[in-house]
Amino acid sequence: MAPVKSLSSPIVIAHRGASGLRPEHTLASYTLAIEQGADFIEPDLVFTKDDIFVARHENDITGTTDVATHPEFADRKATKVIDGESHTGWFTEDFTLAELKTLRAKERLPQLRPDSAKYDGQFEVPTLAEIIALAKAQTKKTGRTIGIYPETKHPSYFASIGMPMEARLVAQLKAVGWDSADAPVFIQSFEVNNLKALHKLTKIRLIQLMDASGGPADKAAPRYAAMAMPEGLKAIARYAYGIGPNKNMIWNGVAPPTSLVADAHAVGLRLHPWTFRAENAFLPALFRDGTNPATHGQLSAEITAYLKLGVDGVFTDYPQIGARTVAAFK
Ligand code: G3P
Ligand code: CA
């Protein structure tokens, strides 16, 4: 067998898979992303009732599965406060894996992504174990290293209901041979304390996520705006390999770019901004084509602009455009 090619920056991270083209966080979405050239596939992780990691963007599965159409689960509907916000719907932690496997995924944004919505009702909610197996099988098949980029979702909330994520995630990754700094894995979180806990448990590279407003749900750090300042970045560099900022923290497509790329690189942090999407609805005005929010604008031009600013990777819902753009840039 030919040797497996290792990864080089900038990397293309398939955000929830090829989620512009298939319902997010499904094996179909991840598989298409790999076929389209992604280096990493990104599962957001939450727990089932029986303590198994599955890929969903939030533990509330009302918007991305057909759970509401299952009469046998009607009595599971609940209202919960998660990260300070009230949510009413169905939640992964109230379903065993076997129960979750009877549901089917659906497109989150059917108005913007009608072609993806045609796949509604076809795909299961995948487990982390299935996603790892997919990455490993595709690495063998393609001869390219396919990594995974898991995000711990709502770790403080899950800890508060007796389901801490950190040791469990580290153990599952270690069991498949991924426990070093050169493993094809990044672990990301919007919270701080769980990344610090992970730093004590594993050498796997950690990514501190930050948004353009607000602050971490665990309130362990100043607001994200302060974390993105030089002193904040220096503190992050003590436990993380890099940061995953909202792309607007680097450049919003209107004002001059900020100094975040230079400031992060100055303390040795890499940058993997999010989220690069093709629809006009998500593009700054200068990259839009026309006024229909669902029409695809100039995503490649947008990604190129960020590559020129020096980012080390991009999260994108359209990994084919991401991979082609990165290849042309290299
Ligand atoms: O994880 C990077 C990016 O995915 C963060 O945003 O909300 O899509 O998980 P979200
Ligand atoms: Ca994510």
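This is a short tour of the predicted model, from the whole protein down to one pair of residues. Residues are numbered from 1 along each chain as its sequence is written, and chains are lettered from A. In this predicted model local features need pLDDT of at least 70, side-chain atom pairs count only at pLDDT 80 or more, and totals use all residues.

**Whole protein**

Start with the C-alpha trace, which spans about 55 × 50 × 45 Å along its principal axes.

Switch to the surface. Of the 330 residues, 53% count as buried, that is, under 20% relative accessible area.

**Secondary structure**

Colour by element next: the protein has 12 helices and 13 strands (DSSP runs, H or I of at least four residues for helices, E of at least two for strands).

**The parallel sheet**

Select β7, β2, β1 and β13: in that order these 4 strands form an open sheet with parallel pairing. The edge strands, pairing on one side only, are β7 (147-148) and β13 (313-316). Strands count as paired if DSSP finds at least two bridges between them.

Zoom in on β1, residues 11-15, which is joined to β13 by 4 bridges. Finish at Ala14, whose bridge partner in β13 is Thr316.

How values were computed:
Side-chain values use heavy atoms; hydrogens and water are left out. Buried means under 20% relative accessible area, exposed over 50%, partly exposed in between (1.4 Å probe, protein chains only).
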